Amino acid sequence: MKAAPTPTHENERLAALRQYEILDTPPEAEFDDLTRLASFICGTPIALISLVDADRQWFKSRHGIEATETPRELAICAHAILGDDIFEVQDASCDIRFADSPLVLGAPGIRFYAGAPLTTPEGVNIGTLCVIDRVPHHLSEEQRDALRTLARQVVKQFELRLSSRRHARDAAFRQAILDSAAASLISTTPEGLITTFSRGSEDLLGYAAEELVGKKTPAVIHDPAEVAAHAETLTREFGRLVAPGFEVFIAKVCCGDSETREWTYLRKDGTRVPVLLSVSGIRDASGALTGFLGVARDITEIKRAQAERERLATELRRSNADLEHFASIASHDLQEPLRMITSYLELLAHRYKGRLDAEADQFIGFAVNGAARLQALIRGLLVYSRVGVGSTVCQPTDAARAADLALENLQLVIAEKGASITRDPLPTVHGDPLMLTHLFQNLIGNALKFCQGRAPHIHLSAQPAEGEWIFSVADNGIGIEPQYLERIFGIFQRLHSHAEYPGTGIGLALCKRIVERLGGRIWVTSEFGEGSVFSFSLPAGAGGA
C-alpha cells in the first residue's frame, strides 16, 4: 500500500486537531449517535469518526468495528484529508493504492470506503466521518450529501465540546478566585435571588452556599433596622419611595452609579460583623443588566483600630492640654522667682563689683550668666512645648513675608555681625505664618551665630517639587562634621561650649518640630569649615508648585 503524502502545513493541522483536546477521550453519546446515523443512511456495516494524528488514525467513535486506532500509513483517511470533498473508493481490492493493504487483505476486509473531511472553521482537515463496507459499494448523491451534513455536525459537536470545556474551566477558575478571595462575594439575579456565594462568604457568615443559592436574597444577612434606615435616606434623596428590601442595595447601581458603604452583616449564629460593601451591576455583551455583585470585606479590625486611635487622638489631647498647662505654670511660677534671683544678682554685681576680691567678682558673674541662660532655656522650652500642642490651622502663607518678619526681628544682630543676606523670590505655601516666621528666624539666627569671626553671608532660596516646595538657608559659617549631621536636631544637643557659642540647644529641635507640625521634613548638608545648607520642605499652597 502506498502511504498518503503529508499535507501542506502539517504542524498547523496537528495543532488544530489538538486544540479540541479530544484524542484518547472516552466514548461520548453525541458522537456515537452520528456514526450510527451515517451507517444507517449510507447502508454500510461500519462507520467511524477518524482523527488523523501524527503517526496514527484514532477513532473517536466507531460503529461495527472493535479497533480503536490503526497506523497512519495504512489509513485511507490519510488520503481523504488531502481533499475538500468526499473521498470514495468503490472497491479497494481493485485500487492499486490500497489493494495490498493489510486492512483490505485481512480484517476488517475493506472493499468500500467513503470519507467526508472533518474541516474546522478555519478550513483545516483534521480527520473524516467515514463509512466502510466489506463488499463493493457506491453512494447515491443523496447519501453523499447526507454524509457531508453529518461531517459538519461532527465538527460542530467538537466546537460545542471545546466551548463547554473552556466555559467549565473558566467557571472553575472564577470559582477558585471567589473561593480564594478573603472578601465575601455574592452575586444575584436582577430580582435579588442569590446565584453565587463564595467560600469567603461561607467563612464570614457561617452559611453553606447550598443553603442560600437559588433560595434567598441578601436580605437574610442584613440588619433590618439598617436596611429600613437607608431606605428612608434613599427615599429622601430620590424623591420617591424606596422600599426597605433588595432595592435598597441596588437603587444607585440601577441609576448608573455605584455604592460603597458600611453595613452590618448578620451571621447564621446571630452575631454581627461590620463590613464595607461595594455593589456593582453585572452586564452581558450587549450591556443589558443580568444581575448584581456585592463584594464585602470584614472591617472588624479596622473598626477596632479606629476606636483605639480615637482613644489615643483623646488621651493625646488630654496629655497636650496637661503639657500646655504645665508650660504656662512653668513660664509663670518658675520665671517669677528666677527674675527675682537675676535681679538681685545683677544688683549684687553692680553694687559690690571691686569691693570684694577678684574671685568673688568672677563667682557673681558666673551666677548672673547662669541665671540668664536658665531664663532663656525656660523661654525656649515654653515655645518648644507649645508648638506640639493644640490644633494648627494651616492656610496659604506668604513665605517671603515670613522671612521679612524674621529679618526684622534679627536686624540688630545682622547689623552687629555685618552680615549680608540675599534671597530669591519665595512662594506661597500651606502653613502657619507665625510658625514659618519662627522657623526662618531660628535658621537665620543660627547662621549668624556660627560664623567663625567672618562676616556672615546667608542666602534664602526655594525650589518647586512635586506638591511641595524645598526651602534652603545657606551660610558660609563653620560647618558641621559629618558624624553630627543627624544629632543636631535633637533637643539640648550642643556641639560647642557656652563660652564658644552661647545658646540653649533648643533652636534646631524647635525647627524640626515646626517643620514636622506643618507636614514637611528638615535636613542639612555641610562641609566642615566651609558652611552649611539647611533645607526643609513644606506643602505647596495657592499659587505654589
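**Figure 1. Buried residues of helix H9.** Val248, Phe249, Ile250, Ala251, Lys252 and Val253 are the buried residues of H9 in this view, which is taken from a predicted model. The helix spans residues 247–254 and is mostly covered, with six of its eight residues buried. The elements that cover these buried residues include helix H8 (224–238), E9, strand E10 (272–283) and E11. After H9 comes Gly256, which has a positive phi near 95 degrees.

**Figure 2. The open five-stranded sheet.** Five strands are arranged in the order E8-E7-E11-E10-E9, and their pairing is antiparallel. The edges are formed by strand E8 (194–197) and strand E9 (259–266); each has a single partner strand, so one side of each is left without a neighbour in the sheet. On average, and with direction ignored, neighbouring strands of this sheet are turned by 30 degrees against each other. In general, the strands of a sheet pair through backbone hydrogen bonds, in either a parallel or an antiparallel manner.

**Figure 3. Pairing of strands E7 and E11.** Within the sheet, strand E7 (residues 184–188) is paired with strand E11 (residues 289–298) in the antiparallel sense, over five bridges. One of the positions shown is Ser184, whose bridge partner in E11 is Ala296.

Figure 4. Arg161 belongs to helix H5, which covers residues 141–180. Its relative accessibility is 12%, under the 20% limit, and Arg161 therefore counts as buried. When residues up to four places away in sequence are not counted, Arg161 touches Tyr20, Glu21, Ile22, Thr25, Glu28 and Phe31.

Figure 5. Met340, Tyr344 and Leu347 make up a nonpolar patch on the surface, and together they have about 320 Å² of accessible area. Met340 is located in helix H11 (residues 314–352). With a relative accessible area of 48%, Met340 is partly exposed, because this class lies between the limits of 20% and 50%.

**Figure 6. Overview of the chain.** The secondary structure of the predicted chain comprises 16 helices and 18 strands. The chain has 545 residues, of which 40% count as buried. Its accessible surface amounts to about 28800 Å², and carbon and sulfur atoms account for 55% of that area.

Technical notes:
Residues are numbered from 1 along each chain as its sequence is written. This is a predicted model: local features need pLDDT of at least 70, side-chain atom pairs count only at pLDDT 80 or more; totals for chains, interfaces and linings use all residues. Side-chain values use heavy atoms; hydrogens and water are left out. Helices (H or I, at least four residues) and strands (E, at least two) are DSSP runs, numbered from the N terminus. Buried means under 20% relative accessible area, exposed over 50%, partly exposed in between (1.4 Å probe, protein chains only). Contact means heavy atoms within 4.5 Å. Accessible areas come from the Shrake-Rupley method with a 1.4 Å probe; for residues, only the protein chains shown count as cover. Two strands pair if DSSP finds at least two bridges between them. Axes are lines fitted to C-alpha atoms, for helices over the stretch in contact, and angles run from 0 to 180 degrees between N-to-C directions. Patches are made of residues with over 30% relative accessible area and no salt bridge: like charges are joined within 9 Å, nonpolar side chains (Val, Leu, Ile, Met, Phe, Trp, Tyr) within 5 Å. A salt bridge is a side-chain nitrogen of Lys or Arg within 4 Å of a carboxyl oxygen of Asp or Glu.
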